[in-house]
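Here are some notes to read alongside the model, written for someone opening it for the first time. Keep the 3D view open while you go through the points.

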Amino acid sequence: MALSSHTHSFSVLSVSKTAENGNGRRRGRMVVKMAASTSEMAAAFEEGQLERPKWSGKTPLSRLVGALIAFKPLSSVLKLGARQVLIRTAEKGDIPWREMTKEILESDVYKELESIQNPSLVYPDYYLNPFHAYDEGNLSWLAAAEAEPATMSMVRRAIPNASTVDEANQVVRGNWLQAIEQHHLQYSRTTIIRDILDIGCSVGVSTRFLADKFTSANVTGLDLSPYFLSVAQYKEKKKGPRKNPIKWMHANAEDTGFAPQSFDLVSISYVFHECPERAIINILTEAFKLLRPGGTIVVSDQSPKSKILQEMSPVLFTLLKSTEPFLDEYHLTDLEGRMKGVGFINVQTGLTDPRHRTLTATVPC
């Protein structure tokens, strides 16, 4: 797709509620603020005073929480509590978690597995850990069925002033897409994005946003979970045909099997906080190999510098850490440094919503 700096030079920055109308009554209309640059996006969201939260890394508080989580009877209770908090938070935000999950589990989604699954794939050891309060981690139908409402809930938490998920996505996804577009326009040899790889695509939410934005591009969603990919393919079929259908691939992001220089854009959204540092380095190395000269990588994930995350209550951060086995390792990883270390240049980073950072970088021409 050819990018145009004229037609796409502004994006949603944030939304806020108007206080009242002329009669003194509260109104629900959203005020949409616009940003002309990625730096303006980042400046709009507040960073904390620390490099990372006190509950992460190797601080005394982090060690205490780690010891509590390591006690298996308590860990089971914490995981159950974390799951219940997720569901209650989602449903309070008008996200029909249980209904959406039931709809998938009672559908024909299971028929997609045979065409998606790579039976010879060997899973990396870290991926076999329990994630998100599921004993099987991401390798289960329940995790796959609940992935989309969980993603919707994450977006709502990121933008608490938004009255709907769509309005929250205007900020979270809008700023992410704008960061991609601006970086590619500024640093790439060409404005054309022909081929996109979405690594760790889960059930295809980010993949569909990319396909909707870059309509002329060939988009591939890659994930280690065949259950997530089955849901992605099932949901995409229900939406009807595209000019360029999304392809789904069951593969390891550390060794995808794609030929070098196959893509103009590689996206990695909300993946690295679930990876040990060695896997992060391997995935970045693979992405560098897969991108054409002038190609763009975009990484979005939790920001250790987020003021909101740094000020999270003890109950919430303990529940969070109980479901994310590699969260400390992620927060200690110098992601910008690792990207430069594998060869990326023009590394840019900043908050694109109050909780998450977006990093963009380029393969040298």
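Predicted model: local features only at pLDDT ≥ 70, side-chain atom pairs only at ≥ 80, totals over all residues.

1. Residues are numbered from 1 along each chain as its sequence is written, and side-chain values use heavy atoms, with hydrogens and water left out.

2. Now the overview. The chain holds 14 helices and 9 strands; these are DSSP runs (helices H or I, at least four residues; strands E, at least two), numbered from the N terminus. Of its 365 residues, 54% count as buried, where buried means under 20% relative accessible area, exposed over 50% and partly exposed in between (1.4 Å probe, protein chains only). Looking at contacts with a separation of 6 or more, 76% come from residues 24 or more positions apart.

3. What sits in the largest nonpolar core? It has 51 residues, and Ile268, Phe272, Ile297, Met339 and Phe344 touch the most other members. A nonpolar core here is a set of buried Ala, Val, Leu, Ile, Met, Phe, Trp, Tyr and Cys residues joined through side-chain atoms within 4.5 Å. Elements that each supply at least two residues include α6 (141-158), β3 (195-199), α9 (226-239), β6 (263-269) and β9 (356-362). The top contributor is α10, with 6 residues.

4. Phe272 deserves a click. Leaving aside neighbours within four places in sequence, Phe272 is in contact with Ile280, Ile283, Leu284, Val299, Asp301, Tyr330 and Leu335. There is also a second, separate core of 18 residues, with Cys201, Phe214, Ile246 and Val298 among them.

5. Next, turn to helix α8 (residues 205-213), which is mostly covered, with 7 of its 9 residues buried. The buried ones are Val205, Ser206, Thr207, Arg208, Leu210, Ala211 and Lys213. Thr207 counts as buried because its relative accessibility is 0%. Not counting residues up to four places away in sequence, Thr207 touches Asp198, Cys201, Val219, Thr220, Gly221, Ile246 and Trp248. The side chains of Thr207 and Asp198 are joined by a polar contact of 2.7 Å. Such a contact is a pair of N or O atoms within 3.5 Å; within protein, one must be able to donate a hydrogen and the other to accept it, and residues adjacent in sequence count only if both atoms are side-chain atoms.

6. Two glutamates are worth a look. Glu286 is in helix α10 and counts as buried, because its relative accessibility is 5%. Its side chain makes a polar contact of 2.7 Å with that of Thr256. Glu286 also touches Ala253, Glu254, Asp255 and Gly257, among others, when residues up to four places away in sequence are not counted. Glu167, in helix α7 (residues 165-187), is buried with a relative accessible area of 18%. The side chains of Glu167 and Ser163 are joined by a polar contact of 2.4 Å.

7. How do α2 and α3 pack? Helix α2 (residues 60-70) meets α3 at an angle of about 95 degrees, with the axes 5 Å apart. Axes are lines fitted to C-alpha atoms, for helices over the stretch in contact, and angles run from 0 to 180 degrees between N-to-C directions. The two helices are therefore roughly perpendicular, the label for 65 to 115 degrees. Leu68, Ile69 and Ala70 of α2 face Lys72, Leu74, Ser75 and Leu78 of α3 in this contact.

8. Helix α3 (residues 72-92) also has α12 (residues 314-322) as a partner: their axes come within 8 Å and cross at roughly 110 degrees. Here Leu78, Lys79, Gly81, Ala82 and Val85 in α3 meet Leu316, Thr318, Leu319 and Ser322 in α12.

9. Last stop: is Gly343 buried or partly exposed? Gly343 counts as partly exposed, at 25% relative accessibility, and lies in the loop between α14 and β8 (345-351). Not counting residues up to four places away in sequence, Gly343 touches Phe288, Thr362 and Pro364.

How values were computed. Contact = heavy atoms within 4.5 Å. Parallel < 35°, antiparallel > 145°, perpendicular 65-115°, else oblique.
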